[in-house]
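Dear colleague,

My notes on it follow directly after.

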Amino acid sequence: MSLKESALAVRENAHAPYSNFKVGAAIRSASGVIYAGCNVENIAYPEGTCAEAGAIAAMVAAGETRLTEVYVVAGSPAPVPPCGGCRQKLSEFGAPDVVLTMATTGGVEQTTTIGELLPGAFGAEHMQDD
Ligand code: THU
């Protein structure tokens, strides 16, 4: 299954009864394996999680910590960019030049990179203490 097919398939399992906005995300890890995640909402709204977070959690749970490609798909008319929190989560595991495709179920695709999504990201190099 391709990254796109994985994202479309997992989107079907999204738990989004409050927003009715289903999102699917698929990431390819450094080993080439694809991990997928969907948004999982909660009646206590802030407890909901994004599709990207689910895909990252699946990758880390499988023992991998580097991602090389990302695909995010939603049912909106225009491609949906990852939220701010997900941009930070993606930058934890992916280099700035990692390509991220934002897509719609209707077939519109827009590509960007993790670095473009989060310029000046807070990274490990900023945690140096004297
Ligand atoms: N959402 C994602 O899962 N990923 C994104 O990139 C944007 C937003 C989800 C969170 C929430 O369940 C719903 O979309 C509406 O914000």
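The sulfur of Cys 50 has its closest cysteine sulfur in Cys 86, at 3.8 Å, which is too far for a bond. Please bear in mind that this is a predicted model. For Cys 83, the closest cysteine sulfur is likewise that of Cys 86, also at 3.8 Å, and again too far for a bond. A pair counts as a disulfide only with its sulfur atoms within 2.5 Å, and a search of the whole structure accordingly returns zero disulfides. As to accessibility, Cys 50 is partly exposed, at a relative accessible area of 31%; Cys 83, at 35%, is also classed as partly exposed.

Both cysteines, Cys 50 and Cys 83, belong to the set of residues around the ligand.

A polar side-chain atom of Glu 41 lies 2.5 Å from a ligand oxygen, and one of Asn 39 lies 3.0 Å from a ligand oxygen. Ala 51 takes part through its backbone, with a polar atom 2.9 Å from an oxygen of the ligand. On its own the ligand has 370 Å² of accessible area, of which the protein covers 77%. The space that the ligand takes is the second largest pocket.

With kind regards

Methods: Residues numbered from 1 in each chain as written. Predicted model: local features only at pLDDT ≥ 70, side-chain atom pairs only at ≥ 80, totals over all residues. Heavy atoms only, no water. Near = heavy atom within 4 Å. Polar contact = N/O pair within 3.5 Å; in protein donor to acceptor, adjacent residues only side chain to side chain. Areas by Shrake-Rupley, 256 points an atom, 1.4 Å probe, with all protein chains shown as cover. 1 Å grid on protein atoms, 1.4 Å probe; cavity = no way out; pocket = protein on both sides within 12 Å on 5 of 7 lines; lining within 4 Å. Sits in = over half its atoms within 2 Å of the grid points. Buried < 20%, exposed > 50% of the residue type's maximum accessible area, 1.4 Å probe, protein only.
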